[in-house]
Amino acid sequence: MYLLNTSTLQLEEFPNPTKYAILSHVWGREEVTFRDINGPHAVRMEGYTKIERCCAQALADGYKYAWIDTCCIDKSSSAELSEAINSMYRWYEGAAVCYAYLADVPSNENPAEKDSKFRHSRYFKRGWTLQEVIAPRRVTFFGR
């Protein structure tokens, strides 16, 4: 399993992952992939801000590592991709915290309001959402 060092934003490989934060999100345009993350062009990609903010939050919360599916899985390796899909629930379950990022919800949104954008977020309409919300011990939601 690859994890991002939250201080350096560099990938590190762990056979048995240590304490880490994990990001649950909806993929957007120009996501930073495993191949991109250590390249100089990654910082100019639209999805890089999400990685920076996740790592900054994890670091502030005391986590040295974070896992983000877009850039921590080598999708060019069919064996690694298959293992990642089969291990996904376990990885979410093993995370110390899951940050659920709802890009289409303003940060000042009140989720308790009946017609809030939170309740209608694209995030809740995805197939993976259930395991990402029930597997971790702790889930913290963030708006844009």
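A residue is termed buried when its relative accessible area is under 20%, exposed when over 50%, and partly exposed in between (1.4 Å probe, protein chains only). The structure is a predicted model, in which local features need pLDDT of at least 70 and side-chain atom pairs count only at pLDDT 80 or more, while totals for chains, interfaces and linings use all residues. Residues are numbered from 1 along each chain as its sequence is written, and side-chain values use heavy atoms, with hydrogens and water left out.

In soluble globular proteins, nonpolar side chains tend to be buried together. A nonpolar core is defined here as a set of buried Ala, Val, Leu, Ile, Met, Phe, Trp, Tyr and Cys residues joined through side-chain atoms within 4.5 Å. The largest such core comprises 39 residues, and Leu4, Tyr20, Ile22, Ile37, Ile51, Trp67 and Tyr99 have the most contacts inside it. Among the elements giving two or more residues to this core are strands E1 (2–5), E3 (21–25), E4 (65–68) and E5 (97–102), together with helices H1 (48–60) and H3 (78–94); helices (H or I, at least four residues) and strands (E, at least two) are DSSP runs, numbered from the N terminus. Helix H1 contributes the most to this core, with five residues.

Contact is defined as heavy atoms within 4.5 Å. Not counting residues up to four places away in sequence, Trp67 touches, among others, Met1, Tyr20, Ile22, Cys72, Met88 and Trp91.

Three salt bridges are present in the structure, a salt bridge being a side-chain nitrogen of Lys or Arg within 4 Å of a carboxyl oxygen of Asp or Glu. In one of them, the side chains of Arg29 and Glu46 meet at 2.9 Å, N to O. Both residues of this pair lie in the loop between E3 and H1, 17 residues apart. Arg29 counts as exposed because its relative accessibility is 63%, whereas Glu46, at 43%, is partly exposed.

Lys50 forms a salt bridge with Glu31, with 2.6 Å between the closest N and O atoms. This pair links helix H1, which holds Lys50, to the loop between E3 and H1, which holds Glu31, across 19 residues. Lys50 has a relative accessible area of 14% and is therefore buried; Glu31, with 12%, is likewise buried. A further salt bridge joins the side chains of Arg126 and Glu132 (3.2 Å, N to O), and both residues are buried.
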